[in-house]
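Me: I would like to go through a protein structure with you. Could you show it first?

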Amino acid sequence: MAILVTGGAGFIGAHTSIELLENNEEIIIIDNFLNSKPKALERIREISGKDFKFYEVDILNKDGLRKIFQENNIEQVIHFAGLKAVGESVEKPLEYYKNNIQGTISLLEIMREFNVYDIVFSSSATVYGDKNPVPYREEMPCETATNPYGYTKVVIEHILKDLAKADARWSITILRYFNPIGAHESGLIGEDPQGIPNNLMPYISQVAIGKREKLSIFGDDYETPDGTGVRDYIHVVDLAKGHLKALENNRKNGGVKIYNLGSGSGVSVLELVRAFEKASGKKISFEITSRRAGDIAFCYADVAKAEKELGWKTEKTLEEMCRDSWNWQSKNPNGLI
């Protein structure tokens, strides 16, 4: 019995695939390489010492998905595949709604066709919007995302809840990620953005390696300890392990379960920059610019539910996150090539 991993060549998907293989799970990865590279698959095999089936297919391609389910005995699905850049989603809302929502519906329809009712969905803290107070708790209303990317996650969460309500066979876990950073300790895989990074850590590490001149910090006038935005950073390996706990829980408990995956504490942009400088020995040049539309002052999780119900909590420190990010970047200055 296999676990299908959609978007398994991406940053979080690749790290989760390694954890699954090291847990002796049989996996099948699908990816269209829009936000990832084939080299990631080689690195997953190298780190784990294990092989797996791979299909290059888009989740919008129902015939392609159907073929995978026909050829394999799939028991569970982890669904990472999707467009994920907040800024780009504002510029290309139709592409985001089509790819993320329609793609998920395609996947769910094919799963149902083959009587596979077990899925772990990759959601995001963006669903909490800008109206909820921190720390964010799973039962808070999630209707007011600040961008189209966030709204795709809100809509998919609703679809999954409605699905479970309509059909008791479904066992669904929604994982709301906070800010994954870090990399596998081998330095063989890590966050490898195409073009200019959208996320803070790869931008910092590209400044450190000399690929970017300086970091732009969007606003230092927030009502936070140092005026810069505060976020909840989580090591990607800790995040990956949360998916194994979710799969295990899905096998025992049906219906919809929702969990925050974060550290439960906030770190400011300047604190992250200083921690990275310490871990890497590199000075990070930065400039303060105006606030970015849609950004909020604080975003961090209440993680008590995941600890209580899944037996999961983060283990790695901010220092380890920065050290592993730098190890990845310094060993792969141009990413996966």
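Reply: The questions below concern the domains of this chain and then some individual residues.

Me: Before we start, what kind of model is this?
Reply: This is a predicted model, in which local features need pLDDT of at least 70 and side-chain atom pairs count only at pLDDT 80 or more, while totals for chains, interfaces and linings use all residues. Residues are numbered from 1 along each chain as its sequence is written, and side-chain values use heavy atoms, with hydrogens and water left out.

Me: Which domains is the protein chain divided into?
Reply: Domain 1 covers 2-181 + 233-261, and domain 2 covers 200-231 + 264-301 + 315-331. These bounds come from an automatic or database domain assignment.

Me: What separates the centres of domain 1 and domain 2?
Reply: Taken over C-alpha atoms, the centres of domain 1 and domain 2 are 26 Å apart. The contact between them takes 18 residues from domain 1 and 19 residues from domain 2, where contact means heavy atoms within 4.5 Å.

Me: And what area is buried between domain 1 and domain 2?
Reply: About 1,500 Å² is buried between domain 1 and domain 2, and carbon and sulfur atoms give 69% of that area. Buried area is the accessible area (1.4 Å probe) that two parts lose on being put together, summed over both.

Me: Which residues of domain 1 lose the most area to domain 2?
Reply: They are Ile 181, Tyr 233 and His 235, which together account for 45% of what the domain 1 side buries.

Me: How many salt bridges and polar contacts are there?
Reply: Between domain 1 and domain 2 the count of salt bridges is zero; a salt bridge is a side-chain nitrogen of Lys or Arg within 4 Å of a carboxyl oxygen of Asp or Glu. Four residue pairs are in polar contact across the interface of domain 1 and domain 2, both residues being at pLDDT 80 or more. A polar contact is a pair of N or O atoms within 3.5 Å; within protein, one must be able to donate a hydrogen and the other to accept it, and residues adjacent in sequence count only if both atoms are side-chain atoms.

Me: Let us change topic. Is Thr 152 buried or exposed?
Reply: Thr 152 is buried, because its relative accessible area is 0%. Buried means under 20% relative accessible area, exposed over 50%, and partly exposed in between (1.4 Å probe, protein chains only).

Me: Where is Thr 152 found, and what does it touch?
Reply: Thr 152 is in helix α6 (residues 148-166). Helices (H or I, at least four residues) and strands (E, at least two) are DSSP runs, numbered from the N terminus. Not counting residues up to four places away in sequence, Thr 152 touches Tyr 96, Tyr 97, Asn 100 and Ile 101.

Me: What about Glu 56: buried or exposed?
Reply: Glu 56 counts as exposed because its relative accessibility is 57%. Glu 56 lies in strand β3 (residues 53-56). Leaving aside neighbours within four places in sequence, Glu 56 is in contact with Asp 31, Asn 32 and Phe 33.

Me: Which residues does the cis peptide bond join?
Reply: Val 134 and Pro 135 are joined by a cis peptide bond, with omega about 0°. Pro 135 is in the loop between β5 (118-124) and α6.

Me: Last one: what is phi for Asn 24?
Reply: Phi of Asn 24 is near 65°, a positive value in a residue other than glycine. Asn 24 sits in the loop between α1 (11-22) and β2 (26-31).
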